[in-house]
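Q: I am new to this structure. Please show me how to read it, one feature at a time.

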Amino acid sequence: MTNKKLEAKRLIIFILLAFGISWIPAIILNCVFGYHEWFETYKMPFFALIVGFGPALANIITRKLTHEGWHNSMLHLKLKGNIKYYLIAILSVVTMGIAEGVLATIIYGKYDFSDIGGGMNGMQIAGNVMLTLSVVPLMAFNTFGEEFGWRGYMNQKMEPLLGTTGTVIVGGIIWGLWHAEMTVAGHNFGTEYDGYPYLGILSKCITCTFLGMGLMWLTKKTGSIYPAAIMHAANNFGGKSIGQYFISGIPEDYSPAVTDNLIVSIPSFILGLVFFILMLCDRKKEKKM
Amino acid sequence: MTVIVLPFIIQAFLTLVIAILSLSDKSVGDDWIVRTLTSDLIRIVAIALGFLSVSGLLLSVFHGDDKKLWAYFTASVPQGVKKYLYTKYVLSFAMCGLYFVSSYVAETLVATIRWFAIGEEMGSFMSIQIIIFFALVFMNSFVIPLMLRFGEKRGSLINVIIILSLAIAAIVILSILPRDIQDKVFEWLSGFMTGEHGDLTMLLIGLFSALSVVAYILSYKLSCKLFMTGVNEYDK
């Protein structure tokens with residue numbers, strides 16, 4: 001078997017396992033208990049952990065099944081000379097959050113910046129910000145379950161086959177589709193929107209593709225999956241919440257549509273493209289050398 | 001491996017003890033075993049004991065290194081003292097992280113068992129575990145330089161003396177304060193624990209987290225300077 005064929009085989013096994021390990025319990029739990037009961041409450045948190053660690057488990061099982069070994073596992077911290085990338089992992093998400101908050105105020109708040117800060121005092125804001133920034137790196141263990149699979153394995157297998165651009169797009173779509181079970185259950189956008197569930201799944205694929213650009217760049221720059229796990233944790237666990245202090249002028253009862261979320265996410269898409277261009281530049285430099 | 005397994009062992013041991021002690025009291029119903037095993041009291045005591053045990057385990061990273069021969073060998077290699085201490089500090093920090101992860105996994109397991117066994121949802125102690133993580137990091141910032149300067153045994157002893165002195169000083173100061181001020185202090189502390197001073201609590205926890213990390217980095221710098229000074233205190 002040629003090297004490419006072997007890598008393609010490993011990739012397919014990984015994708016099947018990642019989807020299987022996560023989807024099968026999620027489908028059963030959604031049918032038996034309902035999404036809200038098992039995922040949004042603290043009644044069965046262990047199952048949420050298992051579902052989230054599907055890609056990581058798929059990585060481990062695929063390596064064992066195909067006798068690949070642990071070469072390029074990207075499990076080392078690689079701190080030396082890379083501290084700036086660990087900081088970029090958190091600060092880029094904070095920046096995205098602030099930019100999205102400002103954009104939301106401009107578009108949906110009609111430039112009404114009078115309520116910046118949301119009525120909170122300096123101590124509340126400072127406390128919120130400091131707590132969020134200190135907790136986010138700790139929550140990276142949660143997102144490690146995904147990053148060890150997607151960036152730690154799938155991207156590495158995909159890039160020799162599809163190139164950097166193909167990996168970003170196809171990898172992002174696969175990642176978005178992996179969320180589909182939860183998106184359909186109402187995890188990201190609820191279930192009461194126009195175009196349910198297809199628009200929600202499409203929106204998720206788009207946001208995953210652009211977020212994946214930054215995650216992939218960080219992983220390639222450091223040779224470690226931890227910065228990507230931290231960036232992912234920052235995105236999931238409140239790194240963007242700092243942006244809420246920049247939202248103003250939007251009525252409290254305003255319920256954003258899926259398309260509104262996409263529009264407000266434009267700063268994140270722009271940042272993702274910046275990371276993508278940086279990756280392409282690095283690739284050109286490597287080829288010249 | 002110990003920092004992963006320890007939370008589970010402590011939880012299991014404590015629940016066994018409480019279960020045995022509760023044998024005579026079956027008034028809570030047939031599900032008293034699981035209710036007792038997964039109660040908030042057991043969890044808090046387990047977290048506290050886990051904290052004490054792991055704080056001792058973290059220092060075992062330096063166990064046996066307080067020998068003159070090893071210290072001079074470390075100083076003589078190309079990477080030198082800085083690389084050696086860097087590795088130790090990263091390992092110690094990673095062990096704190098591993099303890100946090102294993103505690104969290106243990107808690108999710110206990111919460112799930114409680115729900116399926118007796119149909120009750122547990123509260124999350126994630127915030128306590130976060131504080132404990134940063135407390136471990138903060139403590140190590142002081143203990144490691146002491147150990148490097150004075151050797152493992154003397155450094156640990158000095159650490160215990162400092163902690164006990166601070167605790168005694170706090171108790172003495174509190175006891176000599178006027179009664180009304182004492183009441184205000186306890187009221188404030190109680191409010192802090194229950195989240196009444198939500199804004200201040202968040203700010204203090206956020207500041208403490210940042211302070212812990214900064215203290216840990218400064219501790220590394222200090223340890224690099226103190227390393228060769230402490231070698232003279234070591235055994236052969």
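Reading helix packing, an interface and a core

A: Helix α4 (residues 54–65) of chain A packs against helix α7 (residues 140–178) of chain A at an angle of about 50°, with the axes 6 Å apart. Axes are lines fitted to C-alpha atoms, for helices over the stretch in contact, and angles run from 0 to 180 degrees between N-to-C directions. Helices are DSSP runs (H or I, at least four residues), numbered from the N terminus. This is a predicted model: local features need pLDDT of at least 70, side-chain atom pairs count only at pLDDT 80 or more, and totals for chains, interfaces and linings use all residues. Residues are numbered from 1 along each chain as its sequence is written, and chains are lettered from A and ligands numbered from 1 in the order in which they are written.

Q: How many residues of chain A are in contact with chain B?

A: Two residues are in contact if their C-beta atoms, placed from the backbone, lie within 7 Å. Here 21 residues of chain A contact 23 residues of chain B. On the chain A side, α6(A) gives the most, with ten residues.

Q: Which residues have the most contacts inside the largest nonpolar core?

A: In soluble globular proteins, nonpolar side chains tend to be buried together. A nonpolar core is a set of buried Ala, Val, Leu, Ile, Met, Phe, Trp, Tyr and Cys residues joined through C-beta atoms within 7 Å; buried means 20 or more other C-beta atoms within 10 Å of a residue's own. The largest core has 77 residues, and Ala89(A) and Ile230(A) have the most contacts inside it. Its largest share, eleven residues, comes from α7(A).

Note on methods: Helix = DSSP H or I, 4+ residues; strand = E, 2+ residues; numbered from the N terminus. Buried ≥ 20, exposed ≤ 12 C-beta atoms within 10 Å, placed from the backbone.
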